[in-house]
Amino acid sequence: MFGTVKRIIDWCGSFRKNLYIGFVFSFFSGWFAAMPVIWAAYMIGKLVEYAGDGITPDRAWIGKSVGILLLFIFLRFLFDYLRARFQESISYELIARDRLAVGDALKRVSLGYFQNMNTGTILNSITTGLHTLEGMGIRMIDNFVGGYLNFICILLWLIYINWRVGLIAIAGVAASLIFLLIISKYSTRNAPVLAAANRDLTGATLEYARGLAVVKSFGKAGSSMDAMKKACRDSRDINLKIEWGYIPYNALHLIALKIASVCIVIAAFYLGVSGQLDFTYMVIVVLLSFHIFSSVEPISDCAHVLAVIDDALDHLDELKGKSFIDADGKQISIDHYDIEFKDVDFSYGEGQGRRQVLHNVSLKIPENTVTAVVGPSGSGKSTICNLIARFYDVDGGSVSVGGHDVREFTCDSLLSNISMVFQNVYLFHDTIRKNICFGKPDATEKEMIEAAKKARCHDFIMALPDGYDTVVGEGGGSLSGGEKQRISIARAILKDAPIIILDEATASVDPENEHLIQAALSELTKGKTIVTIAHRLATIEQADQILVVDDGQIVQRGTHKELVEVPGKYQDFVNIRSQSEGWKIG
């Protein structure tokens, strides 16, 4: 519990000054929260004394006393306001910083991280975990620190009045602290289980939403809910378990404080009756006994929540602390764009699930040439493209671009030289304008429209309700496959990178759109170094070199004319493609 408090303070970083100033204001707020009670008790004591002596209180004295009472109340809320001004914004500033830091970290890790890590885990850590920190982090630490500061303020008054009464108050808080530590220990043990249940629930919900089209098509709406139902039950069960375990110790914490309050009242009456305490002071102690622990009682919630915050901080540190794939990279500018693989080995996965995909691959792609990569599914074609862009690091050997090993670059400096067009296009839930300008945010309107015209998508964009300001659905769901593909090509044309990687860019396109996309690709690839994975003969035949990949190795290389004359994988591929592309209805 105390370790988490220190951890949150450390997390505040440059905002710690504001946090400490807030604690000072919290101390004065606690001081002036006690003062109205003390002053009211003082007034009651004096009025009783005046009544006993038959003295009528002076109206000026009453007015002055009420004014002082109102001043104390005003000062309490003033210091509360000042505390809030200094502290309330801290968590929002920090979470905004950390969300950006996590986004930058995820951008710079190997894509293997996302294969090994459940999407729900990442999403839950960024949303639920950071939301807990944002909403509860500073508030809980203020409740914890401020609660004890308020108690100390009133304790000082009690000790000033009578040290024996102060000892009773200290004993009550010490007893309650034992139960708070038990709550903290219990919550610390269950917080990772709760976080895991929340991650599973997030993952199950995402999977259910993504798979709805398949579920509906197979009429399996009931069975598809099984994983989500289980995740919901698990989340419910762990929350109930934590709550039921928390209640008894919270009750004991409150009982300890209430018993201490009663003991303070009894002690005050005893000291008053025995003449050891003035009547006015006795009234002050009695009234303070009902107020002294009011700021300590909610700390049980802090002890409970701090464990959850501690777990959220663990996941935040884990996300921010992932080893960057370009941790040792430098900003490198290159003036030629040839690509070379030397004895490259590469595997996906870890441990027993590790699967080697490339075996001792060596190849050269001269700049300003077209290289086609062909081969059966799963042979390693896409892996070669991913290694050029350094989405992964090789297990052995090296990949170089422009004479530099890709491991020498930062990701941004390497990818500034590369544009990629994928088979499965992803468009962001934003305007078409933003999607096209994604690779070049400072592009002018003229440059953007020119890129769209070259990609053969200007006409259909202008036919949309808001033209370039039309918002496409998540993933580009409101557009057809061919339309999305052409927008992605416009994005690549606008970026104007010297190296173009086409990963089966026309594999899933209908014949009506294919000629438009081929024309767009021709505009994109003029004067560039091209690496294309393709199955269509029209794309392959004009390539400067063809690499035939099979079982993670390059088994043939050459031009179309050279390879088609040699028995082997490529000749078989051409024969199969010729038959499939030349079929007709009899």
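I count two groups as in contact when heavy atoms lie within 4.5 Å, and I keep that in mind below. A reminder to myself: this is a predicted model.

**Entry 1, the sheet.** I started with the strands. Four of them form an open sheet, ordered β2-β1-β4-β5, with antiparallel pairing. At the edges I found β2 (355-365) and β5 (404-405), each of which pairs on one side only. I then looked at how β1 (residues 339-348) meets β2: seven bridges join these antiparallel strands. One pair I looked up by name is Phe341, whose bridge partner in β2 is Leu363.

Next came α13 (residues 381-388), which lies across β1, β2 and β4 (396-401). Its direction makes about 115 degrees with β1. Is α13 enclosed or open? Seven of its eight residues are buried, so the rest of the structure largely encloses α13. My list of the buried ones reads Lys381, Thr383, Ile384, Cys385, Asn386, Leu387 and Ile388.

I moved on to α2 (residues 16-53) and α11 (residues 279-289), which pack at about 145 degrees with axes 8 Å apart. The crossing of α2 past α11 is right-handed. Which residues of α2 and α11 meet? On the α2 side they include Ala34, Val37, Ile38, Ala41 and Tyr42, and on the α11 side Phe279, Val283, Ile284 and Leu287 are among them. Sorting the residues of this contact, I get twelve nonpolar, two polar and two charged.

How values were computed. Residues numbered from 1 in each chain as written. Predicted model: local features only at pLDDT ≥ 70, side-chain atom pairs only at ≥ 80, totals over all residues. Heavy atoms only, no water. Pairing = 2+ DSSP bridges. Helix = DSSP H or I, 4+ residues; strand = E, 2+ residues; numbered from the N terminus. Axes fitted to C-alpha atoms, helices over the stretch in contact; angles between N-to-C directions. Buried < 20%, exposed > 50% of the residue type's maximum accessible area, 1.4 Å probe, protein only. Left-handed = near helix turned anticlockwise from the far one by under 90°. Nonpolar A, V, L, I, M, F, W, Y, C, P; charged D, E, K, R; others polar.
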